[in-house]
Amino acid sequence: MAKTHWLYAFLVLAATTARAAEAPAAGGMERGAYLARAGDCIACHTAPGGADFAGGLAFDTPVGRIYSTNITPDRETGIGAYTLEDFARAVRQGVAKDGHHLYPAMPYPSYAKVSDADIKALYAYFHDNVAPVKQANRPSAIPMPLGFRFPLAVWDALFLKEGAYRPDPAHDARWNRGAYLVEGLGHCGACHTPRAVTLQEKALSDRDGSTYLSGSKFDGWFAKSLRGNDRDGLGGWSEGDIVTFLKTGTTDRTAAFAGMAEVVQHSSQFLTDDDLEAIAHYLKSLRARQGAPEAPARTIQAAAAPAEDHPSRGGAAYSQYCVTCHRADGGGVPRIFPALAGNDVVETADATSLIHIVLGGGRIAHTMAHPMPFAMPEFTKMDNREVAEVVSFIRTAWGNDAGPVTVDQVAKVRATLGKAEAKP
Amino acid sequence: MTSALPQMKKVRIMRQTLLTGFLVLGLMPPAVAGSPVQDSQPPSLLVKFAPPKLADIPDDANGKQVLYGRRLVMETARLLPDNVGDVLNCTSCHLGGGMVAGASPFVGQAAASYPRNNARAGHTVTLEQRINGCFQRSMNGKPLPEDSAEMKAMIAYFNWLSAGLPPHAKVEGAGIGKIDKSLMPDPAHGKQIYGAKCAACHGTDGNGLKDAKGNYVFPPLWGDKSFNVGAGMARTYTAAAFVKHNMPIAWGLNAPLGQGGALSDQDAVDVAEYFSHQPRPDFAGKAKDWPNGGKPKDARY
């Protein structure tokens, strides 16, 4: 690649720039609306039961509670008075019309990569096609001195990299389109890239290092690695699996849960097949993170026959509480109940998500392709010891290769749910 | 049988004694409607639904027998092919192996709580006879010999599930819940409901769904491989009560199965009428049912 001829590089660059900036509309969906779906604006800017885009959703950040803002075109309480330049500055630089700095819960470090053409289309959509809602923004509850916003300018100066996405001439148009969507509007790194103590994402693209999308603890969950060759990432996934997952919320072996179910429901299911294929192609190109073994070329075998006897207390609990849906062989039921055998969420080193979903339950994405949004029940009534036993069983049964979990780990996850252990 | 777990039993009895105290002070036990066989019992005590834990089963002879009984309940068709004529397992109707409230649990069905009056049979039945009723109707097969190791193991499992309960205790969550029997079924609407809410698991043709090894995950709801007309589930209101309170599974956050709550009473009656009246095997012994009258209005013959 180092020897790529400059003219070739220029031509690829020109072609990919045109391609990356071109957002095809899906099924007649207006382009700005499509981009708003791709950016999943609705997820954060809509409170439960509230009007679309009117804001008010609470975020408990490490420094205090903040609320998303009204981005409907209401002139007084929303962004109706914003010019295109105001809008672009807010989305890409995190600075509101009146000059105050937004909290970086708004993923403007990612949105900085959105092209001018797409910003323009988004502006037109929010200005002309979204219904204005008069709803004043709620003040944040961040204590002094962190409540001052001026340090955010310093944060931005340190961590915000301005400038629209620059296509990588070493890759083709499809890869660059995928990178543009993943690193930019898709802001996948907001959850899937680990953050530093200063709360910025440690990497905003693969060029910044292999911590990019390498998995992160987030809001009582572990958002798994999305690196295409991490064993606990997407190493066991084909590009087709990724496309199916983003479109339907399920594959034959797994299902989106927690925040990702919402992403599929509100955002990725609406993307065109071309865009989903580009995303999958890009993610699969990401090498294993530094220090992590490359994923072996593993095909999931049908799990061993059901054990004739419970091998452990955890196995007995599995047989009592889990077996009806996830089956004795841990194979689940394709597209209905996730397999637990050979499931990378189960096998990932950080068991936070697995413990969380056992305790708190969850619901798969409700999509056009999957009208039955099945749920995982919440097992809050199991005590911490029982949960540790059954989770340890799941992580070591059927050839799964992950360590057991401790009662203390379960207690920590339970604390994030705010549900006390039942007294026996 | 129950002596295998003396410590647990003691705790359970203490808990029940406390509960019983409150009940005697005036709480009325709720009516339990629509189990496949209309069991009628003497007035009894309401106890909380608290099945024991498989993890607490001791590794001894009794424990092994209980686990064998459990396995027979979970994999009946595979393990007892001479007795099961269709492809169902006990757990197809008694969800979670009879350990789930509202899903026709076996908790409270110890041998000591039998014989019970049975209007369909016209006489009292033993637990063995009751189990064999299922084999001949819901499983469209042949009865298990009453002295077989398999029958004894299943009863050991039932007894373990009910350990510590007074013989005629009325367990909260017994049966399959209630349905409004005055509702008139609309099978055409039921067909729509079936397509929208049932077919994903039970198949558009009611064929059920198999796993990679060929064992059924979701049972067929009609056809040669399904229950016969003598089964409780072939009756509209029994099926409707079951569907309303137990289908689909994995629908809500309620542990352990998240079952039920997807349909209104009317929708449940409509879909139950639709699937229960699809073609299915006949029941040879049907002429002997309800010899003393009292046949319910949704009986199939």
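Tutor: The contact between the chains takes 24 residues from chain B and 25 residues from chain A. This is a predicted model, in which local features need pLDDT of at least 70 and side-chain atom pairs count only at pLDDT 80 or more, while totals for chains, interfaces and linings use all residues. Residues are numbered from 1 along each chain as its sequence is written, and chains are lettered from A and ligands numbered from 1 in the order in which they are written.

Student: What makes two residues count as being in contact?

Tutor: Their C-beta atoms, placed from the backbone, must lie within 7 Å. On the side of chain B that touches chain A, helix 5 (95–98) and helix 8 (187–202) of chain B each supply at least two residues. A helix here is a DSSP run of H or I with at least four residues, and a strand is a run of E with at least two; both are numbered from the N terminus.

Student: Why is helix 16 of chain A called mostly covered?

Tutor: Eight of the nine residues of helix 16 (352–360) are buried. A residue is buried if 20 or more other C-beta atoms lie within 10 Å of its own, exposed if 12 or fewer, and partly exposed in between. The buried residues include Leu354(A), Ile355(A) and Val358(A), and what covers them includes helix 17 (384–396) and helix 18 (407–417) of chain A.

Student: How are helix 8 and helix 12 of chain A described relative to each other, and why?

Tutor: Helix 8 (residues 173–183) and helix 12 (residues 273–285) of chain A pack at an angle of about 90°, with their axes 7 Å apart. Axes are lines fitted to C-alpha atoms over the stretch in contact, and angles run from 0 to 180 degrees between N-to-C directions. Angles under 35 degrees count as roughly parallel, over 145 as roughly antiparallel, 65 to 115 as roughly perpendicular and the rest as oblique. The two helices are therefore roughly perpendicular to each other. Trp175(A) of helix 8 and Tyr282(A) of helix 12 are among the residues that make the contact.

Student: What is the pLDDT over residues 1–38 of chain B?

Tutor: On this scale of the predictor's confidence in each residue, from 0 to 100, the value stays under 50 over residues 1–38 of chain B. Where pLDDT is low, the predicted coordinates should not be read in detail. For chain B as a whole, the mean pLDDT is 87, and 85% of its residues reach 70 or more.
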